Amino acid sequence: MIEVRDYSDTDLDSVNEILKEAFNEVKRNFKNNNFRELVICVDGKVAGYLLMTRILNPIKEKFYYLVDYVCVSSNYRRMGLGRKLMDEVYSIAKDNNAIYIQLTSSRYREAAHKLYLSCGYVKRDSDIFRKDILWY
C-alpha cells in the first residue's frame, strides 16, 4: 500500500537516510507553522520526503508554496512515488488558495527535472543567486 502523509517525529531516522543519500543533508526536528513536511510510505516504510514552505507574496498579497528536498530512496525509485508527492503538493496548494508553486533544482538532477516537467511545471529562464552567511 502507498500512502502520502504528514511527517511525524518518528520518521526522522528514515527521512535522514533518504536525505543523506539524495542531498548529503540531515534534518532536525525543527517546527514552524509555515512548513509542511510530507512522507510517502510503501507498506508502512518511509520511502520519500518533501518539504514545502508557505510564503506570502507581498506584492500580490497572496501565498505561494516553495518546494524543497523532493527525494525518494533509491530502493523505491521508478514507482511513481515522486509524482504522488508532487500531486499532493498541488492538492494542498490548491486547497489553500495558493497562487503558484515554485521549486528549484540543481542542474545535475535530470530525473527530477523530467518529473517536474511531467507534472506540469515550466522551466523558467532565470538564474538563482545566493550569498551564504553561515557555514556549517
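Mentor: Start with Arg54: its charged end sits over the ring of Phe63, 3.5 Å from the ring centre. Keep in mind that this is a predicted model. Now look at Tyr7, whose ring has the charged end of Lys27 sitting over it, 4.6 Å from its centre.

In one of them, the ring centres of Tyr7 and Tyr49 are 6.3 Å apart and the planes stand at 80°, so we call the pair edge-to-face. Tyr7 is in the loop between strand S1 and H1, while Tyr49 is in strand S3, so this pair ties together parts 42 residues apart in sequence. Tyr7 is buried, at 11% relative accessible area, and Tyr49 is buried too, at 3%.

Another pair is Phe23 with Tyr69: centres 5.3 Å apart, planes at 85°, so that's edge-to-face again.

H1 runs over residues 12-23 and reaches 15 Å from first C-alpha to last, close to the expected 16 Å. Its buried residues are Leu12, Val15, Asn16, Ile18 and Leu19. Down the axis they fall within an arc of 165°, so they line one face of H1. What covers these buried residues includes strands S2, S3 and S4. On the face turned away from the buried side you'll find the exposed Asp13 and Glu17.

Notes:
Residues are numbered from 1 along each chain as its sequence is written. This is a predicted model: local features need pLDDT of at least 70, side-chain atom pairs count only at pLDDT 80 or more; totals for chains, interfaces and linings use all residues. Side-chain values use heavy atoms; hydrogens and water are left out. Helices (H or I, at least four residues) and strands (E, at least two) are DSSP runs, numbered from the N terminus. The expected span of a helix is 1.5 Å times one less than its number of residues. Buried means under 20% relative accessible area, exposed over 50%, partly exposed in between (1.4 Å probe, protein chains only). The arc is that of the directions from the helix axis to the C-beta atoms. Contact means heavy atoms within 4.5 Å. Rings of Phe, Tyr and Trp (its six-membered ring) pair if their centres lie within 6.5 Å; planes under 30 degrees apart count as stacked, over 60 as edge-to-face and the rest as tilted. A charge sits over a ring if NZ of Lys or CZ of Arg is within 6 Å of the ring centre and within 35 degrees of the ring normal.
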